[in-house]
Amino acid sequence: MEETSREAVATAVQRVAGMLQRSDQLDKVEQYRRREARKKASVEARLKAAIQSQLDGVRTGLTQLHSALLDVKDIQSSLADVSKDWRQSINTIENLKDVKDAVVQHSQLAAAVENLKNIFSVPEIVGETQQLIEQAELLQAHRKLMELECSRDDLMYEQYRMDSRNTSDMHLISIYFEDVQGLSDELAKQLWMVLQRSMVTVRRDPTMLVSVVRIIEREEKIDRRMVDRKKQTGFIPPGRPKKWKDKMFEVLEGTVSTRIEGTQAVTREADKMWLVRLLEITRKYVLDDLIVVKNLMVQCFPPHYNTFNRFFRLYHNAVSTRVKELASEDLEANEIVSLLTWVLNTYKSVEMMGHPELCSECDIHQLEPLLPREVVDDLLSKYVKTFTSNITGWLRKALETDKKDWQKDTEPEADQDGYYQTTLPAIVFQMFEQNLQVAAQIDGDFKEKVLKLCLKQMNTFLLRYREEAVSYKEEHLRDRQLPQCYVQYMIAIINNCQTFKESINSLKRKYSQSSEPTDSDAAIERTLNEVAKEGCQFLLDEVFLDLESHLNELLTRKWLTGSHAVDTICVTVEDYFNDFNKIKKPFNQEMTSEALRRVVVEYIKAVMQKRITFKNPDERKEGAERMMKEADQFKFLFRKLAAGEDTDWLCGAITAIAEVFKLTDPTLLFLEVSTLVSKYPDIREEHIQALLAVRGDASREMRQMIIGTLSENKVSHSGVTQSIFKDVAVPTIAMTTMTTMTSMATSKLLK
């Protein structure tokens, strides 16, 4: 207490010191004293009020405790009195056992009297009930049945209460009421029959369906009451619980299953489209039935049945079971596609379970898949295997058909731009398109898989196509008169390669999600280019077989004295290229350039074979002028044929060689040869030696000097992009002799 007083005094000193820090505050001392006095009085008043409140609460609590103590004493006294009375009445209760037995017997007799009328009228009520059931008056029949069952159950219950071990009396009652169970079973059959035809009944007579549901609900209530009584007494009437509600759902489930299973009207033997028809009928039945359930049947069942969702699940499960059965059968490829398309796409679409009238009542996304993923994968694998086998056969058959067309005596058809073509690309890609359209109906991943498979098969097919084109050429070479339209069909083969390219790109744009080229794409592109280039080469070989005798006349004595070989060459090439104009770009331009190159190479080969050696300046001049003229002829022809930018350069090689021959002053020969080498760096020493040998006036010393000087000043031509002389071989003496003899023999045979 003293410590508290000291703390209070110290606190007061601090407050006073804070108030009187300036001299002008001394004038307010009285004001401060009054303010502190008021505060003190206020605090004292609140303190007194709080203490008084606490005292009042304590006083009230003490009063209540005193009252409680008195009440406890009164209760204790009363319990003692009750206990005393109970001990005194035990003997009295034991003496009332006879009265208790009399009361039980009276209760049983009262029940018997109460049901006496019903007991005597049981046969009559049974007959009436049977008649009502036959007349489909189900509600009234059920009411009669309930009366009979109630009488039987009450009698049995009273007998059970009186003597539960007396089975003979129980059996006597059961025999007397044995027809009741038969009526119950008969009524149940009628109920199940109505439920089995519920889809028809709800349209024609919905009150009948409502009556059935009401009867089942009544029985459910009786079942619950009897089960509760069994828990209390141990007694339950025979046939209870009936569980008609569970049976109702079983009947409805069976009805739905039967409805789905009964949709198959035909078999594969009778109709190839049996599965499509079956799936379409199933779709229509399910959709129509669920709409009926939503609009009509829901109103016939209590809300807590959740009728629509229950039927929705029943139909889903029934369809799933049926689809699994179909999937386990030995389905053909088109049937697998039809089934998977229906399962994966149609089933949840607006045409079926996703129909606008059904979406408001359920969430189709919560439905489990109709088929497990592993079953779908198995079906897809089976389809791919069958498709691979089928498409291999289709492609083989298409190629065989195309090969037969190659032997025809009539030209192949031309497209709208006049290019020759066969029906092979259209047939092949029509097959691919049809299968890809089918695959796209299943899902995107499977579509990509089928596209890759098509491209893989395409690559294998093109290798076979290439082999057949080579065989076609070899067969023609054995007898060049057959087939009559060899050139035209080889052009069609080349054009088909371009059509294949365009069709493949079209398929990829349409059916592939990825635009990145694959290894398969590169392989197909490479094979198509090889087939097309080989075809172009075969055609050029055909041209040069016809030109062979005329090419052998070049740079010979006959040629020098006057030959029309080049005229014939130009006319023949132009005639062939009238047909080659039916080749699509870019192969036609490449072929024209290659034809020019081969003509020039063959011409230069004729020079290098040293078929002629000029004897004097006049022959050299005449030969050089003829070569320049013929170079101009080639240049004019191939410009007309649009051979490309290399025309002047290639024909210029003939002109440059002619300039070497035309030179009259041998001392300038080195300069002329140097000019030739600078224009065509790929020319080799043996080429120059052959040229000088044909010229005929270069001594051995001059040839060695020119070759030696050029060798010393030789410039590497490894970076040269254009070349012509690398394709020209200079024959040895033996080869030259053989070539000359062959040319002479050929000329004689032609004559």
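**Stop 1**

Start with the loop between α12 (274-295) and α13 (307-327), where you'll find Asn 306. Keep in mind that you're looking at a predicted model. What is the phi of Asn 306? It is positive, about 50°, even though Asn 306 is not a glycine. For background, most residues other than glycine have a negative phi, and most peptide bonds are trans.

**Stop 2: two cis peptide bonds**

Next, select Arg 240 and Pro 241. The peptide bond that runs from Arg 240 to Pro 241 is cis, and its omega is near -5°. Pro 241 sits in the loop between α10 (206-233) and α11 (244-261).

Is the peptide bond from Lys 585 to Pro 586 cis or trans? This one is cis too, with omega near 0°. To get your bearings, look for Pro 586 in the loop between α22 (565-580) and α23 (587-608).

**Stop 3: a pair of helices**

Colour α6 (residues 138-162) and α8 (residues 178-196). Two packed helices are described by the angle between their axes and the distance between the axes. Here the angle is about 150°, and the axes of α6 and α8 are 10 Å apart. Angles over 145 degrees count as roughly antiparallel, so α6 and α8 are roughly antiparallel to each other. The crossing of α6 past α8 is left-handed.

Show the side chains where they meet. On the α6 side, pick Leu 138, His 142, Leu 145, Leu 148, Glu 149 and Arg 152. Their partners in α8 include Val 180, Leu 183, Leu 187 and Leu 191. Sorted by class, this contact has eight nonpolar, four polar and two charged residues.

**Stop 4**

Zoom out and colour by domain. The domain assignment gives domain 1 (35-246), domain 2 (263-333 + 342-362), domain 3 (377-535) and domain 4 (554-737).

Focus on domain 2 and domain 3, whose centres, taken over C-alpha atoms, are 42 Å apart. Seven residues from domain 2 and eight residues from domain 3 take part in their contact. How much area do domain 2 and domain 3 bury between them? About 510 Å², with 54% of it on carbon and sulfur atoms.

Methods
Residues numbered from 1 in each chain as written. Predicted model: local features only at pLDDT ≥ 70, side-chain atom pairs only at ≥ 80, totals over all residues. Heavy atoms only, no water. Axes fitted to C-alpha atoms, helices over the stretch in contact; angles between N-to-C directions. Helix = DSSP H or I, 4+ residues; strand = E, 2+ residues; numbered from the N terminus. Parallel < 35°, antiparallel > 145°, perpendicular 65-115°, else oblique. Left-handed = near helix turned anticlockwise from the far one by under 90°. Contact = heavy atoms within 4.5 Å. Nonpolar A, V, L, I, M, F, W, Y, C, P; charged D, E, K, R; others polar. Domains from an automatic or database assignment. Buried area = accessible area lost by both parts, 1.4 Å probe.
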